[in-house]
Amino acid sequence: MMNLTIIKNQFLKSFYILNNNPRCIIFSLIFDLLFFVIYGVVSLAIFNIITDKANILLQIASSNKDSINQLIAEGKNLFQAMMLQPGFTSSFKAILLLSLILMVSIYLIYCIFQSLNWRIARNLTGSKFRVSEFMKSFFKINILWFVLFYLGLFFERIIGIVLILSSKKQDTGVIALIIAVLIAYFAFISYALLGKKGAIKQSFVKGFKDFLIFIPMYFIIALMFFIINYVLLFAQQTNYIFMVVLGFLLFLPALAWARVFICLVVNKVKNA
């Protein structure tokens with residue numbers, strides 16, 4: 001019961017804080033909007049180039065089937081045979097480089113805008129940070145989370161390839177989702193602990209030790225976004241533009257609320 005009382009009190013307090021700090025919330029909405037716009041433009045542009053390079057690889061493979069089969073018959077594996085085809089190596093290296101640029105770009109865009117947003121949430125819940133101080137810590141702590149996330153995606157892709165080669169049709173998207181949820185679970189706790197010595201270690205300690213508090217917290221947040229998604233699906237049936245406008249009016253404030261709610265709960269657990 002005490003866990004539910006903590007969640008209820010911090011839930012109500014989060015709305016009180018938002019209601020009494022409209023200026024900070026407006027800045028948070030602007031940063032989130034900029035994040036999604038810049039992330040979308042940059043990632044889409046790089047991904048389109050990667051797609052073009054991938055199509056070139058497919059064309060090379062398709063037009064050099066006889067050469068590839070002959071090299072395989074001579075003892076080369078498929079990858080070696082493909083790499084010996086004219087133009088394949090340069091396109092393959094370009095895809096690797098572009099993929100690296102994409103990953104770094106996502107990391108930079110995320111850290112710049114979300115550090116500003118999490119700083120606002122932390123300031124609203126009692127912890128005061130300078131922008132440069134908080135941003136520096138945010139960049140550092142996300143090195144771990146992004147590395148874990150990309151390793152998780154790589155692991156999921158390897159499983160998918162293995163399943164395809166073994167002729168087993170399985171959706172590995174569930175694995176990627178589980179990995180993303182687990183990383184987000186500890187990452188968001190660590191953001192609320194930034195400034196405290198050993199924030200990463202403490203995020204794991206608190207995340208495991210007080211999961212009976214954090215699980216209901218995340219459930220409430222997920223429920224909030226589920227309701228918003230349902231409302232937007234209903235709005236889509238009336239007018240697309242209305243759905244987009246309503247999405248910004250509901251989704252962006254919900255993100256600001258979720259960060260404040262997480263910080264309040266983590267602060268309560270940290271000081272308990």
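**Labels and their cut-offs**

User: Which residues does serine 203 touch, not counting residues up to four places away in sequence?

Analyst: Serine 203 touches Trp145, Phe186, Ile189, Ser190 and Leu193. Contact means heavy atoms within 4.5 Å. This is a predicted model, where local features need pLDDT of at least 70 and side-chain atom pairs need 80 or more, while totals for chains, interfaces and linings use all residues. Numbering starts from 1 along each chain as its sequence is written, and side-chain values use heavy atoms, without hydrogens or water.

User: Why is serine 203 called buried?

Analyst: Its relative accessible area is 0%. Buried means under 20%, exposed means over 50%, and partly exposed is in between (1.4 Å probe, protein chains only). The value for serine 203 is 0%, so serine 203 is buried.

User: What does the side chain of serine 203 reach?

Analyst: The side chain reaches the backbone oxygen of isoleucine 200 at 2.5 Å. A polar contact is a pair of N or O atoms within 3.5 Å; within protein, one must be able to donate a hydrogen and the other to accept it, and residues adjacent in sequence count only if both atoms are side-chain atoms. Serine 203 lies in helix α8, residues 199–209. Helices (H or I, at least four residues) and strands (E, at least two) are DSSP runs, numbered from the N terminus.

User: How many helices and strands are in the chain?

Analyst: The chain has 10 helices and zero strands.

User: What makes tryptophan 145 and phenylalanine 204 a tilted pair?

Analyst: Their ring centres are 5.7 Å apart and their planes are at 45 degrees, so the pair is tilted. Rings of Phe, Tyr and Trp (its six-membered ring) pair if their centres lie within 6.5 Å; planes under 30 degrees apart are stacked, over 60 are edge-to-face, and the rest are tilted. The pair links distant parts of the chain: tryptophan 145 is in helix α6 (residues 131–165) and phenylalanine 204 in helix α8, 59 residues apart. The structure holds 29 aromatic pairs.

User: Why do α9 and α10 get the label roughly antiparallel?

Analyst: Helix α9 (residues 211–236) and helix α10 (residues 240–270) have axes that cross at roughly 175 degrees and come within 9 Å. Therefore α9 and α10 are roughly antiparallel to each other.

User: Why is leucine 116 called buried?

Analyst: Leucine 116 has 16% relative accessibility, so the buried label applies. Leucine 116 lies in helix α5. Not counting residues up to four places away in sequence, leucine 116 touches Phe31, Val131 and Met135.

User: What share of the chain is buried?

Analyst: Buried residues make up 38% of the 272 residues.

Conventions: Axes are lines fitted to C-alpha atoms, for helices over the stretch in contact, and angles run from 0 to 180 degrees between N-to-C directions. Angles under 35 degrees count as roughly parallel, over 145 as roughly antiparallel, 65 to 115 as roughly perpendicular and the rest as oblique.
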